[in-house]
Amino acid sequence: MKLNLNIQPLNTWLNVNNEPLIISGPCSAETEEQLLTTAHLLAATGKVSVLRAGIWKPRTRPGEFEGIGSIGLEWLKRAKAETGLPTAVEVANAKHVEEALAAGVDILWIGARSTVNPFTVQEIADALKGHDVPVLIKNPVNPDLQLWIGAIERINGAGITKIGAIHRGFSSFEKSSFRNEPMWELAIQLKTLCPDLPIINDPSHICGNRELIPYISQKALDLDMQGLMIESHVDPSVAWTDAKQQVTPAALSELVGRLTVREPEVANEASADKLAELRKSIDKIDDILLQKLGERMAIVAKIGEFKRDNQVTILQVNRWDAIIQKGQAFAKALKLDLNFTEKFLELVHGESIRKQTEIMNAGKAEQGIAAEQHNEVKA
């Protein structure tokens with residue numbers, strides 16, 4: 001079901017000078033000279049549409065640099081006047097909103113640590129009522145699509161129609177090359193639920209290091225995201241926060257220049273027909289896959305009944321190990337990604353376990369309900 005949101009298209013509230021939209025600037029505004037120098041160098045590239053800077057920085061532990069504070073808003077105001085770039089800052093409470101709006105900040109964004117807390121988001125939403133300012137909402141720290149949607153709905157409910165989402169990745173216990181796991185499927189689900197919602201990617205926070213930023217940036221554009229928020233510092237080696245994930249303005253210009261911007265639809269009629277034919281073939285195969293899954297689950301139900309009648313446990317570890325080994329060998333022969341194959345088998349196996357559990361414990365569930373009702377009558 002689609003989300004019922006009142007959202008204006010991105011190009012009606014933001015003048016995007018180039019494709020894609022690039023929002024850039026230092027992770028933290030440190031000094032007036034640092035911010036102004038970075039802003040001028042970014043403007044000179046001709047590839048940046050919005051200047052961003054962290055004014056208030058939520059830190060994990062006390063004692064770390066938590067942002068320069070309100071004085072940085074005056075530096076942003078000067079940077080805007082000298083470069084012509086609109087400005088954007090993160091806000092985490094009503095006071096931040098009031099100060100940023102009073103300083104003429106053009107775009108506000110809500111960070112991942114704030115999105116995760118509905119009380120915080122509602123406080124920000126209440127402070128925004130009556131204002132016509134664009135708001136970008138980062139995904140929550142944890143992979144919870146409903147929290148992300150809830151934050152967007154709260155801001156929209158405050159009368160803000162110039163809204164965009166920022167995909168910055170999610171915390172995960174799994175160790176990988178990324179600071180935050182992209183989990184692209186959650187951003188895709190959000191786009192599916194609200195096709196009109198602009199989604200901007202934040203490769204800096206996904207990667208945690210500058211080397212991976214080009215790869216993530218290109219993938220984001222290939223998934224039809226409308227822009228990128230990339231942190232840039234005049235000298236990242238001396239940055240007060242997140243030094244490893246910031247790039248120089250020159251490096252940013254080179255990075256953006258190498259990106260390939262693709263169209264969401266095929267313009268050529270002959271090519272469009274060819275693509276439609278290929279998609280039709282995919283649809284037929286998908287139908288067969290679903291049909292076979294249905295047939296598989298029918299057999300699973302019979303196995304569940306057999307195990308119930310013969311007092312056999314649902315899970316046999318040796319059987320599952322055999323399925324994984326056979327599946328990986330077959331996947332390798334078919335040139336399928338092994339990680340994808342394992343995840344697919346885990347999903348199918350998990351549904352099989354659920355279905356067998358339901359069958360084997362159906363009678364017990366009914367007995368439990370009857371016992372509860374009996375106890376209530378006795379009471």
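## The barrel

Let's start with the strands. Eight of them form a closed barrel in the order β1-β2-β3-β4-β5-β6-β7-β8, and the pairing is parallel. From one strand to the next, the twist averages 30 degrees.

For a closer look at one pair, take β4 and β5. Strand β4 covers residues 107–110 and strand β5 covers residues 135–138, and the two pair in the parallel sense over three bridges.

## Helix α7 on the strands

Which strands does α7 lie across? They are β4, β5 and β6 (163–167), and the helix runs at about 155 degrees to β6. Helix α7 itself spans residues 145–157, and it packs with α6 as well as with α8.

## Where α6 meets α7

Helix α6 (residues 118–128) packs with α7 at an angle of about 20 degrees, and their axes are 9 Å apart. An angle under 35 degrees counts as roughly parallel, so α6 is roughly parallel to α7. The crossing of these two helices is right-handed.

On the α6 side, the contact is made by Pro118, Val121, Gln122, Ile124, Ala125 and Leu128, while α7 brings Leu147, Ala151, Arg154 and Ile155. Sorted by class, this contact has eight nonpolar residues, one polar and one charged.

## Where α7 meets α8

How are α7 and α8 arranged? Helix α8 (residues 184–193) packs with α7 at about 45 degrees, with 10 Å between the axes. The two helices are therefore oblique to each other. Here too the crossing is right-handed.

In this contact, Leu145, Trp148, Ile149 and Ile152 of α7 meet Leu186, Ala187, Gln189, Leu190 and Leu193 of α8. By class, the contact of α7 with α8 has eight nonpolar residues, one polar and no charged ones.

## Two loop residues with positive phi

Two loop residues are worth a look if you like backbone details. Met183 is not a glycine, and yet its phi is positive, at about 45 degrees. You will find Met183 in the loop between β6 and α8.

Where is Asp242? Its place is in the loop between β8 (227–231) and α11 (249–258). Asp242 has a phi near 45 degrees, a positive value in a residue other than glycine.

## The annotated chorismate mutase region

Now for the helical part of the chain. An unreviewed UniProt entry carries the annotation "domain: Chorismate mutase" for residues 269–360. Over that range, the predicted chain is 88% helix and 0% strand, and the C-alpha atoms at its ends are 55 Å apart.

Helix α13 covers residues 317–333 and helix α14 covers residues 338–360; they pack at an angle of about 140 degrees, with their axes 9 Å apart. The crossing of α13 and α14 is right-handed. From α13, the residues in contact are Trp320, Ile323, Ile324, Gly327, Gln328, Ala331 and Lys332, and they meet Leu338, Thr341, Glu342, Leu345, Glu346 and His349 of α14. The residues of this contact divide into six nonpolar, four polar and three charged.

Methods: Residues are numbered from 1 along each chain as its sequence is written. This is a predicted model: local features need pLDDT of at least 70, side-chain atom pairs count only at pLDDT 80 or more; totals for chains, interfaces and linings use all residues. Side-chain values use heavy atoms; hydrogens and water are left out. UniProt positions are given in the numbering used here, feature names are shortened, and annotations may be inferred rather than shown by experiment. Helices (H or I, at least four residues) and strands (E, at least two) are DSSP runs, numbered from the N terminus. Axes are lines fitted to C-alpha atoms, for helices over the stretch in contact, and angles run from 0 to 180 degrees between N-to-C directions. Angles under 35 degrees count as roughly parallel, over 145 as roughly antiparallel, 65 to 115 as roughly perpendicular and the rest as oblique. A crossing is left-handed if the near helix is turned anticlockwise from the far one by less than a right angle, and right-handed if clockwise. Contact means heavy atoms within 4.5 Å. Ala, Val, Leu, Ile, Met, Phe, Trp, Tyr, Cys and Pro count as nonpolar, Asp, Glu, Lys and Arg as charged, and the others, Gly among them, as polar. Two strands pair if DSSP finds at least two bridges between them.
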